[in-house]
Amino acid sequence: MSDIPATASAPRRREPLLRPLLELLASMRFAIALLTVICIASVIGTVMKQHEPVNNYVNQFGPFWADLFLALKLNAVYSAWWFLLILAFLVVSTSLCIARHAPKYLVDMRNYKENIREKSLHAFGHKAGAELATEAPGAAAERIGHQLVARGWKVRVQQRETAAGQGFMVAAKAGTAHKLGYIAAHSAIVLICLGGLLDGDLIVRAQMWLGGKTPYTGGGLISEVAPEHWLSPRNPTFRGNLLVSEGTQSSTAILNQSDGLLLQELPFSVELKKFIVEHYSTGMPKLFASEIVIHDRATGESVAKRIEVNHPANYKGVEIYQSSFDDGGSQVRLRARPLVPGIAPFEVEGVIGNSAALTQPGLPGPLTLEFTGLRVLNVENFGDAEGAGASGSATDVRRVDLRSSIESRLGAGNKTVSRRELRNVGPSVTYKLRDAAGQAREYHNYMLPVDMRDGQLPVYLLGVRDTPAEQFRYLRVPTDAEGGMDDFLRLRRALASPQMREEAVRRYATAAVDGARPELAEQLALSAGRALALFAGEHEPRAGRPQGGLIAISDFMEANVPEAERERAGEVLMRILNGALFELAQLSRSQAGLAPLAPDERTRAFMTQAVLSLSDSQAYPAPLALELADFKQVQASVFQVARAPGKNVVYLGCALLILGVFAMLYVRDRRLWVWLAPEGAGARATMALSMNRKTLDGEREFHQLKTQLLGLPAEGGTSP
């Protein structure tokens, strides 16, 4: 029975999907695209602060962009799922590229390509021919082979039968390590990415995805944290922070995550015996060091170590770095200095990191005092003025840049002179006052008066800011004759008292008129009373304007005095205000049982600065300032503890990358063929040279080989 031929054509085989997918993954364009994305992400991770509180991003970028950045995990780029995925794809892509090309390169490195045809030699750019009348092909091949070996070439000679007799093909190669450079460079990328994945958050993320671990977002004692927030001491890779106060020990590292933190239990505990800070003569620190004792929790062994910056300690595969330092629970005593009447002075003691309730009479509701920081040394630069005004703005608490003194009165030529004047301005304390609604402002006060060296009296600096994203704004309180701030505080409280203002106005008007014209004294008292009331903030301010101070007087003049008369009237009103404030200061000292202020230059300087500070104090948000009276410092070291198994892998990758790049750039892959065919009693030689790239060294070498091997004159080259 015969077969019936098929009438329909057979369907074409569809190309498997896996093949084009592998081609894409192994392509250079795909790898370059991944590298580009990684570079862009790294730039973002460098420019944008990582693992900051959410409020910091909202304050800096606004709610919309902050939500977008958080959704894209740009606040934790290097641990974001998409960044780790790109790294994994880059590893796969580069590995496939190596697997596809490395075998061919290795075969090519071993191959001398001695089977090349004679006609093919004429197609090379570097070729030469010569008649060797006195040498047989075999003898010439042996001579040329020995000469090439002496020059560092690897040589193979092939004997061929030709119509004229036996011919010889001398094939030589040099610089084959160039191809090893390609393999080494690509392998380095794989190793570096693998090391990054091992030492990054991939293992920790895997435990969160697969092991049920979740970030901790609450507060309280470490011992009360649930097990799902803890990582095992056998965790193969981690990097966290460990804070240890002097005289204490800790065995729990904190791993910051974008949505909380994880607790890493260490196989040992670190005890801080002493934290050491050494300073230069300028007060700048030159050395941070910690003397620690490592207690092994399994064996009970204790090992003493000293850790410095860039000199970490290693214990059982865990590196301990000196990261920074912090307060370890210093004890402070603060003295309350009321700014308004009705609050009695008091003292409060606490520990940095703790809080205390303030329920004294006269306070605007219950307040919580949070002790947030103590700095014993504050080294600031008082050189290079940037043109800060001496009087500042009356619309807000005065800003003070402690890094430069105020030299606005100097000419423009002074701004080109670069000077550094570093001075230690003494201890400072930072605290927060939180109201019953949970709203808080942060304050930063210096313990000692600061000499700004701008021709004015030393001042106490009382700083305040509404959010951590802002810089501190400072109220400058001039010192009195005793070096304190008592005169200013008495004057500030007297300004807030209507009775004392009224008495000061009466004294001022009486002294100014000296009983000559009673009707003039009454008008002067009316003007002085109105000026003091405006200055004290007794009148409703204009919309968007601060209450009281010099701005209130300026607004009053603008609203009630014609522009043509405003300058002259303003000078008169300021003289009246200054006179009334001087009488108010004298009255406040009299009620305190103190002698009057002497009418000298120091008193005039004090009153000039006091007027400006009183104006700014209207915007100071607290009814009292807390002065650092005493402290007992307890220091703490912040260590970075890391178990990094990928570190050595990255080091190996970096070494391979350096070797690979140098091999690809500086090793020239060359191939040389010399065909020796019999011709009469001698031989006819045809030589060709192949190079991976054309260079001047290659041209010179070709001419040298042509001269040495074939006896031809060098053309543009150097004779051997």
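This is a predicted model: local features need pLDDT of at least 70, side-chain atom pairs count only at pLDDT 80 or more; totals for chains, interfaces and linings use all residues.
When I speak of a contact this morning, I mean heavy atoms within 4.5 Å. With that in mind, and setting aside neighbours within four places in sequence, K49 is in contact with Y57 and N75. Residues are numbered from 1 along each chain as its sequence is written, and side-chain values use heavy atoms, with hydrogens and water left out.

Let me stay with K49 for a moment. K49 sits in the loop between α2 and α3 (54-61), where helices (H or I, at least four residues) and strands (E, at least two) are DSSP runs numbered from the N terminus. K49 is exposed, at 60% relative accessible area; the classes here are buried for under 20% relative accessible area, exposed for over 50%, and partly exposed in between, with a 1.4 Å probe and protein chains only. From C-alpha to C-alpha, K49 and V77 are 10.0 Å apart in space, although 28 residues separate them in sequence.

Now the chain as a whole. There are 17 helices and 25 strands, and of the 720 residues, 44% are buried. Among contacts with a separation of 6 or more, 63% are between residues 24 or more positions apart.

Which residues have the most contacts inside the largest nonpolar core? They are L369, L581 and Y620, in a core of 69 residues, a nonpolar core being a set of buried Ala, Val, Leu, Ile, Met, Phe, Trp, Tyr and Cys residues joined through side-chain atoms within 4.5 Å. Another core, of 28 residues, lies apart from that one and includes L74, L84, Y182 and C193. C193 is buried, with a relative accessible area of 9%, whereas C654, at 34%, counts as partly exposed. With a disulfide defined as a pair of cysteine sulfur atoms within 2.5 Å, the count comes to zero.

Helix α10 deserves a slide of its own. Eight of the ten residues of α10 (residues 486-495) are buried, so the helix is largely enclosed by the rest of the structure.

On a 1 Å grid over the protein atoms alone, a pocket is an open set of points with protein on both sides within 12 Å along at least five of seven lines, and lining residues have an atom within 4 Å of a point; the volume is the space filled by probe spheres set on the points. Of the 28 lining residues, Y78, D199, G200, D201 and R239 are the closest to the centre, and the elements giving two or more residues to the lining are α2 (28-47), α5 (81-110), α8 (177-199), β5 (238-245) and β6 (249-257).

Finally, a point on backbone geometry. K73, in the loop between α4 (63-71) and α5, has a positive phi of about 60° although it is not a glycine, and K73 is partly exposed at 27% relative accessibility. K113, which lies in the loop between α5 and α6 (118-121), also has a positive phi, near 55°, and K113 is partly exposed at 36%.

Methods: On a 1 Å grid over the protein atoms alone, a cavity is a set of points where a 1.4 Å probe fits but cannot get out, and a pocket is an open set with protein on both sides within 12 Å along at least five of seven lines; lining residues have an atom within 4 Å of a point.
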